[in-house]
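Open the model in your viewer and keep the selection panel at hand.

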Amino acid sequence: MNTELLLQLLINGVIVGMLYGVVAMCFVLIYKSTQVVNFAQGEFLVLGGWVCLTLVVQMGLPFIIAFLFSLVFMAAFGILVQQIILRPLIGEPIISVIMVTIGLSIFMQSLMNWIFGNDAKRFPDIFGSFSVITIGGLNVETAYVMSLVLSLLIMVVFYFFFRFTRHGLAMRATAFNQQIAQSLGISVKQTFAMAWAISALVSGIAGVVMGIVSAVSNSLAFVGIKVFPAVIVGGLDSIVGAVVGGLIIGVLENLAEFVDGEYLHIGNLYTIAPFYVLIIILMIKPYGLFGTKDIERI
Amino acid sequence: MKLRSLSLALMAGSMFAANAQADSVFVGHLVDYTGPTAFVGTFYGPGVADAVKFINANGGVGGTTIELETVDYAYKVPDAIANYKRWQGKGMVAMQGWGTGDTEALISFVAKDEIPVYSASYSAHLTDPTGANPATKKPAPYNFFYGPSYSDACRALVQWAAGDAKEKGIEKPGFLHTGDNHPYPNAPKEACAAYAEELGMTVATPVVVPLKPGDFKAQCLTIKESGAQYVFMGNLGGSVVSLLKSCGTVGVDVTYMGNVWAGDYKTVESSEAKQIIFPSSTPFFGQDVPGMETVKAILAGGGGEVGDRPTHHYIRGVCSAFYMKEAMEWAKENGGITGANIKKGMYVKKDWVPAGLEGVCLPSNWTEKDHRGLMTVAINRGAFVDGQVKIDRIEEIDLPRRDDWLGQ
Amino acid sequence: MGHVPNPRPAGDFRTSYIGDTALFKTRFEGRAALAIILALVIAAPFLSNYVLSQLILIGIYSIAALGLNILVGITGQISLGHGAFFGFGAFASAWIVSSFGIPAIIAIPLAGVLTTAVGMIFGVPAARIKGLYLAIATLASQFILEDFFARADWFSGGVYGALAARPSIFGFPLDTDLRYFFLVLFWTVVSIVAVTNLLRSRDGRALVAVRDHYLSAEIMGVNLTKYRILSFGISSFFAGLAGALFGHYLEFVSVEGFTILLSIQFLAMIIIGGLGSVYGTILGVIFVLLLPQVMENVAASAAYLVPALAAGKAYIKEMSVGAAIILFLIFEPEGLIHRWRVIRASWKLFPFAR
């Protein structure tokens, strides 16, 4: 057994998994507070990447300003989507809500391809983001390491936000029970809008980071699909679970690559292994590792 | 239920409106400008369209104009088939196709309907018109393409690699195929590995790399682990760029060889690759050959989609259109422009170079038993040095026309 | 699934249970259905190849979408993997023909049976989970099956795909689109009748009970596990049958044709047509199949006015599908069939209705 290769792959898995965790967190945030599952999460990522790239490359803005602007844009976009598309569907069956976000993802994907072009485009070399750092024998782009720090930061901010701020509390209350929250004087509409804004904003960050590492293109949207195993592993309504799930999936796919390359020689176990794990977990623990079991009454 | 019959009536009505005019022939043209292969499709497609525009402006096919309908099917096989059916109803005599998936799906249709297809898929499956090779699954009598097949191009690369390894003094050079589990990257997989083994190379287990761009560090670590010195990339565009980038980060020091679609100045430019070896079957735009003037005229009179420096995929598109045109000319003089006659027209000339494109399209031979038009493969080295793309032609390999390679 | 207006005219009371469960709600409906089938049979030889091929595709997709409607519209389950089951049917039929030498005409329904088995296996998780978890589980089955197609050389021919020759009946080959059309028409009619028939049986009512409230259904004595898996099985059967017809129509089955996009397309068809409605499904199929082609023409003519649109033709085509899904869900969540009923009602009630 090649321990060095295994170690390098594991490190890679943790780094990538952390990003999956962040995206999964965005996903869970929306689900938890608005009961909507966002199949367009991947497209949100891509949009964030494109907006930032366009500002940097075509407008020639400094990266930091472009980055901040794209975050503002994403937050506004999140609110817009919530207002226009999802508000009319409150109270509709879950299939309608799923389908409307799928429709949104198809629509956004082709619109973005039209506006931004469909080849992958690279960020210029900002603050040496293409330089390489060696961790445990594995060369990693500096941008990834920065993203690692950024992800941790986002997670800490999330924690404090939900634990200590008024809005965070309101959001948790809304997630628990919308009617009770409303009767306590919390504006559910505002909370919904905020959940979408935060989720879109954080996906935008993830999109920019991934765009810096591996070019901006519509294929980044596949991360939105990879997030499903992560949230299912973690449980759909657990933010901690999302992060853990993301890490597990990141490590798992790299582990799959190792087993595949060294022993099995099947081929793309890397891409497919998370989905097998997903099915198995659903068979054993239908609400994920950290999810709460749904108790229904008639 | 009324809606259904109403829409039927509408569709039926629209069919009668589109009748072909007297002196023109209809050719369908499938392109991918928006799908997964758009990276190169946006060059090849305009190549065909611009060439046909040029042909029509210069007298057409002996006075007959070619009516070309270009449809962007975004690499969706069912869309391609739907369009084919529609075109067939309009009296299509030939088709300019695109990808591996749709071309292979249409093989039996075009054979039955006698419509020659000039594809941009160079899969070797398409080169055996009669099923002469017992290994051929399905003969493809009406499929043509200009250039070496994927398998032959890869064999040429392997042959070059074997020579290069000898020069560098590598004892037992290793060869590795990378690419998605997909008809297009897999087309040369087995043929090429077999030839590499024949030349005394070690063949490592292929590594699956997705056709969509992404972060491929995990795959690169596997490539590094395999110990192969020569890595063939069966994907194209963004995926190849990503692979080169990721492997550069991880520090995989090997010689990268690309498929014909994986190598052009745009790929080299966006990947900033130190070195990438790729085959070609035409000169590059602006090179000093007699026929380049025609290509420049075609570009100038074209739709202007490709800018002023098209990649060599554009030129292959031009060649594909011109071989079709000259076959149509023969057909016109020998019983009229029909699919069957165009097919016969493809077999008439030996060492065939379309008039006006000397030096651009290389001498090709198609015969009734062998649709491998071209067995000559030029090997190029692209490099990104000091912010400039540098592409050199390093070798030209003439492969033998081996019987066991037909259709494989 | 929302309120559906009563399609029966005023004064038309059902006086017996038999009348209440009749295959056709009114006598006119039955005659109209028969007339349309007859009209199609008679008109077929005069239609152009293109129209025929569109009709064949409408028939094939209708069968598959009907299956999905049983699962989603009738039982209230969600499947994002219907496209993969459709593909499985296509490969299965090709495999049965080439490995066992069974004639294609028999292999087509056999492929449906085989797909039923696979659908039931993937339906097992459905016995325990629902809603979103189920949606994601079926998404996983989509990717797993797609991977299986590309890998299983013995079954699907791997990435090179499989050949599926046109079937023949007693030595009479169905090698033209016209002949094949009749086969597809036959299976479409059989499927429509079968599904309509299912809905008025005990099993059909059990499925509806599971949809309306699964706990109440269980309390009333409906075996939840059995009916959930059963509905996966039935829906997979139609997917497999349609897939097999599709495979033999194209004479070639490619691994690329059965992606998540196809699954989404099937969902779009039943949502746009109307969840739980048989005729709505067919309307939805027609709408989704023709929409991109219509949009292509619309964009092409609009490009004369605004030349910038010419480059975006393909994108407009794709966007229209996404936009149609969104717009229907917001403005007409009950689908085209609801619109049709409203139109019919306003005709009948004229001048008393808008």
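Two residues are in contact if their C-beta atoms, placed from the backbone, lie within 7 Å. Keep that cut-off in mind for the first stop. The model is predicted.

**Stop 1: chain A, contacts.** Select chain A. Take its contacts with a separation of 6 or more: residues 24 or more positions apart account for 75% of them.

**Stop 2: chain A, overall form.** Stay on chain A and show the C-alpha trace. Along its principal axes the trace spans about 60 × 50 × 35 Å. How does the radius of gyration of chain A stand against that of a compact globule? It agrees: chain A has 19 Å, and a compact globule of 298 residues would have a value near 19 Å. Now colour by burial. Of the 298 residues in chain A, 56% count as buried.

**Stop 3: chain A, secondary structure.** Switch to cartoon. Chain A shows 11 helices and 2 strands. Follow the sequence and the pattern reads α-α-α-α-β-β-α-α-α-α-α-α-α.

**Stop 4: chain C, a helix pair.** Select residues 260-273 of chain C, helix H12, and residues 313-331 of chain C, helix H14. The two pack at an angle of about 35 degrees, with axes 10 Å apart. The crossing of H12(C) and H14(C) is left-handed.

Now show side chains at the contact. H12(C) brings Ala268(C), Ile271(C) and Ile272(C). H14(C) brings Val321(C), Ala324(C), Ile325(C), Phe328(C) and Leu329(C). Which classes of residue make up the contact of H12(C) with H14(C)? Colour by class: 8 residues are nonpolar, with no polar and no charged ones.

Key:
Residues numbered from 1 in each chain as written. Chains lettered and ligands numbered in written order. Predicted model: local features only at pLDDT ≥ 70, side-chain atom pairs only at ≥ 80, totals over all residues. Helix = DSSP H or I, 4+ residues; strand = E, 2+ residues; numbered from the N terminus. Rg over C-alpha atoms; globule rule 2.2 N^0.38 Å. Buried ≥ 20, exposed ≤ 12 C-beta atoms within 10 Å, placed from the backbone. Axes fitted to C-alpha atoms, helices over the stretch in contact; angles between N-to-C directions. Left-handed = near helix turned anticlockwise from the far one by under 90°. Nonpolar A, V, L, I, M, F, W, Y, C, P; charged D, E, K, R; others polar.
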